Amino acid sequence: MDDNVVIKLSGITKRFGYGDATSFALKDFDLEVKRGEFIMIMGPSGCGKTTLLNIIGLLDRATEGEYILNGEDVSDISSSRQARLRARKIGFIFQDFNLIQNLTIIENVALPLVYVNRPRTVRLKAASNVLGRFHLSEKEYYRPSQLSGGQKQRVAIARAIVSDPEIILADEPTGNLDSRSSNIVMDELKAIHEEGNTIIMVTHNPALTVYATRVINMLDGQIHTDVKTVEDHNLPKPVVAKSRKRFNRRALKKGLFNVDAF
Ligand SMILES: Nc1ncnc2c1ncn2[C@@H]1O[C@H](COP(=O)(O)OP(=O)(O)OP(=O)(O)O)[C@@H](O)[C@H]1O
Ligand SMILES: [Mg+2]
C-alpha cells in the first residue's frame with residue numbers, strides 16, 4: 001500500500017438498531033486519506049459525519065467493512081488495543097470541548113499522556129509547553145468553567161496535540177464559537193496542518209473550507225461529492241513536526257515548570 005495513505009476505509013457500514021428500527025448511519029463507505037490532507041466533511045444533520053469520525057477515531061466500530069490505519073487492519077481489534085492506538089495516533093477535538101470540569105487546565109491537557117505511560121513530571125511539562133504555544137500559560141491552574149468558549153477550545157486543541165498524534169479529528173470545533181474565536185481556532189488548526197499532520201474536520205460552515213485541501217460532502221451515509229483543492233504532491237510534509245518534537249524535548253529538558261502543584 002502507498003506509504004502516504006494513513007487511513008483506508010473500504011465498504012464501511014454502520015447499522016443502528018434491529019428489525020423495524022434498523023437504520024444505517026454509513027452505507028458501504030469508502031475513503032482513502034493521505035498524510036498531510038486537511039479534509040473538511042460537510043453534509044446535513046444526521047448524514048453520518050460524527051459516526052464516521054468516531055469510527056476513524058477508534059471510539060466506535062463499523063458493523064461491516066475494513067479499516068486500515070497506517071497499514072494495520074484495525075477492523076476487529078480489541079477495545080484495549082483500540083484505546084492504545086488512539087492514544088498514540090489520534091487527537092480528538094469536540095464541539096462542546098469535552099474538558100473535565102474538576103481537573104485544572106494543565107491536568108486536562110496532560111491527560112492523553114497518561115495513556116502512553118509518560119511519567120507525571122514529563123506529562124505536566126509537555127502540557128505546560130503546549131499551553132504556552134496557545135498563549136494560555138497563565139491559565140494553567142484555572143478550571144475549565146473559568147475560561148471563555150474560545151479559550152476552552154484552544155485548551156481542547158492543546159490536549160489533542162500534546163501526545164504528537166499524526167491524525168487530528170475535529171467534530172465542529174468552531175460550532176459553539178463566535179467568529180473571532182473561530183478564526184483563532186482555525187489558525188491553530190492551520191498551523192498544525194502545516195506541520196505535516198493530517199486533519200479531518202466536520203463543519204457546517206462553508207466559509208471554513210478555504211482551510212481545507214479536500215472537501216467531502218456527505219448525504220445519507222455516503223459520499224455525495226469529494227473535491228481535492230490541493231494536489232497530493234503539494235501536501236505539507238511532516239518535516240516540521242519532527243523539529244517540533246525536538247523543540248518539545250528541549251523545552252522539557254529546561255525543566256522550567258513547577259510541577260509540585262499537580
Ligand atoms: N447511538 C446511536 N443509536 C442509534 N442511532 C444513532 C446513534 N448514533 C447516531 N445514530 C443515527 O445515525 C445517523 C447519523 O448520525 P450522526 O451523529 O453521525 O450524524 P451527523 O451527520 O453527525 O449529524 P449532525 O450534523 O447533526 O451532528 C442519524 O440518523 C442518527 O440518528
Ligand atoms: Mg455530528
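In which sense do S7 and S8 pair, and over how many bridges? In this predicted model, local features need pLDDT of at least 70 and side-chain atom pairs count only at pLDDT 80 or more, while totals for chains, interfaces and linings use all residues. Residues are numbered from 1 along each chain as its sequence is written, and side-chain values use heavy atoms, with hydrogens and water left out.

S7 and S8 pair in the parallel sense, over five bridges. Helices (H or I, at least four residues) and strands (E, at least two) are DSSP runs numbered from the N terminus, and two strands pair if DSSP finds at least two bridges between them. Asp171 stands opposite Val202 in S8. From S7 the chain crosses through H6 to S8 in a right-handed β-α-β crossover; with the strands pointing away from the viewer, the path from the first strand over the helix to the second then runs clockwise.

Both strands belong to an open sheet of six strands with mixed pairing, in the order S6-S7-S8-S3-S9-S10. Strand S6 (90–93) and strand S10 (222–228) stand at the edges with a single partner strand each, so one side of each lacks a neighbour in the sheet.

S6 and strand S7 (residues 167–171) run parallel and are joined by four bridges. Phe92 stands opposite Leu169 in S7, and Ile93 stands opposite Ala170.

Note on methods: Chains lettered and ligands numbered in written order.
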